[in-house]
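Me: I would like to learn how to read a few local features in a model. Please take them one at a time.

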Amino acid sequence: MLEPAAEMDRRAFLGTVVGAMGAVAAGPGLLGLLATCARAAEARPAARLAKEGLLVRSSRPLDLETPVALLDGALTPNRHFFVRSHHDEPALDAATWRLRVEGLVERPEDLTLADLKALPRHEVTAVLQCSGNGRAFHRPRVPGVPWERGAVGNARWAGARLRDVLARAGVQPGAAHVVLQGVDRPVLPTTPRFGRSLPLAKALHPDTLLAYEMNGEPLPMLHGHPVRVVAPGWVGDDWVKWLGLVRVQAEPFDGFFYQTAYRYPRRPVSPGEAVPPEAMGPMDELVVKSLLTAPLAGARVPRTTLPVRGAAWTGGEAVVTRVEVSLDDGHSWQNARLLGPARPYAWRRFALDWVPPRGHPGGLLRLRARATDSAGRVQPTEAAPWNPSGYQWNTADVVEVHLDA
């Protein structure tokens with residue numbers, strides 16, 4: 001199932017097509033309409049990016065998951081980076097795009113891309129992860145895009161600090177939240193537009209960006225061209241794409257995607273339990289998590305040294321300090337080597353070279369990986385806390401392979 005607004009968009013699109021078909025007489029007119037729809041579907045980015053190897057989880061709005069085999073690197077290439085959309089991508093021209101800054105500010109204004117680029121450029125490497133990454137593994141099942149393991153990527157982002165934009169506008173007393181809204185629009189006017197709000201402290205953090213570059217290139221259209229929010233260390237729903245509005249205000253955003261969607265229980269709940277709205281709150285920081293990128297699930301591996309590889313990341317400004325790997329489904333654990341420096345926001349690669357002990361019978365191997373961060377948080381080895389929308393899945397990653405006898 002899709003997220004609520006995405007489901008509304010899908011129904012609206014199907015209703016439009018069905019209505020149009022009903023208005024066309026049977027025969028060549030109907031066949032022509034179907035052919036036109038087929039050509040339009042082929043021309044959509046979903047068809048193009050699927051050829052790059054991404055998995056289409058939804059074609060409208062466009063949701064593409066990265067196969068784990070493409071995540072085995074320090075940075076995730078733009079062409080392989082997962083895509084999460086709430087509405088269709090807008091047709092934007094960087095030359096005419098404007099960012100409206102308003103609300104509790106001394107100097108409301110419309111900024112151009114040139115205005116943003118005139119501010120000091122700042123760069124940060126950070127993991128972007130959809131809040132629903134891993135949703136497909138929750139039991140009982142929950143509604144929403146059925147992401148498995150690849151709605152995540154690590155990129156080098158560059159742009160203007162949001163705090164520099166706010167300093168230019170002059171934040172007034174009483175300000176406590178910053179609303180961020182995209183220019184993408186739903187099919188139906190009754191469908192909510194996408195927007196979020198950040199607490200003023202996060203908006204003023206020196207690493208919170210209005211990014212116009214991704215991995216050294218202009219921000220691609222499907223990733224928010226010309227400008228998107230980068231809220232490092234926080235969940236992906238705060239990284240608003242196709243940004244068009246920054247509004248400073250005293251209260252949090254009152255829109256659907258803040259007050260109703262993307263909410264998480266404030267207390268542990270039992271699997272399948274109904275959670276009243278007053279017991280839910282907005283998510284902020286990512287949870288500690290790891291991903292096994294080699295060997296791949298289902299691989300047949302020879303009785304030689306088995307290279308185990310992966311990446312781990314966490315939320316806020318904490319860093320990954322330890323990754324453990326199990327080759328026997330969690331009965332015993334070994335410390336993996338951590339590769340590269342520990343940096344907030346970015347994922348950290350890990351490696352373990354395992355040699356099958358003499359006498360090992362071979363057969364099914366169930367590998368697990370769990371990460372620990374500098375705040376002392378450890379991935380759970382059993383199922384991650386269940387919640388009605390399937391957010392923040394971070395159970396120790398599992399991969400099954402077959403070891404030759």
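Me: In which loop is Tyr262 found?

Reply: This is a predicted model, where local features need pLDDT of at least 70, side-chain atom pairs count only at pLDDT 80 or more, and totals for chains, interfaces and linings use all residues. Residues are numbered from 1 along each chain as its sequence is written, and side-chain values use heavy atoms, with hydrogens and water left out. Helices (H or I, at least four residues) and strands (E, at least two) are DSSP runs numbered from the N terminus. Tyr262 is in the loop between α7 (256–259) and β13 (263–265).

Me: What is phi of Tyr262, and is Tyr262 buried or exposed?

Reply: Phi is positive, about 55°, although Tyr262 is not a glycine. Buried means under 20% relative accessible area, exposed over 50%, and partly exposed in between (1.4 Å probe, protein chains only). Tyr262 is buried, at 3%.

Me: What is phi of Trp242?

Reply: Phi of Trp242 is near 50°, a positive value in a residue other than glycine. Trp242 lies in the loop between β11 (228–230) and β12 (243–249) and is buried, with a relative accessible area of 1%.

Me: Which peptide bond joins Ala294 and Pro295, cis or trans?

Reply: The bond is cis, with omega about 0°. Pro295 sits in the loop between β15 (289–294) and β16 (300–301). The peptide bond from Arg60 to Pro61 is also cis, with omega near -5°, and Pro61 belongs to the loop between β1 (55–59) and β2 (62–65).
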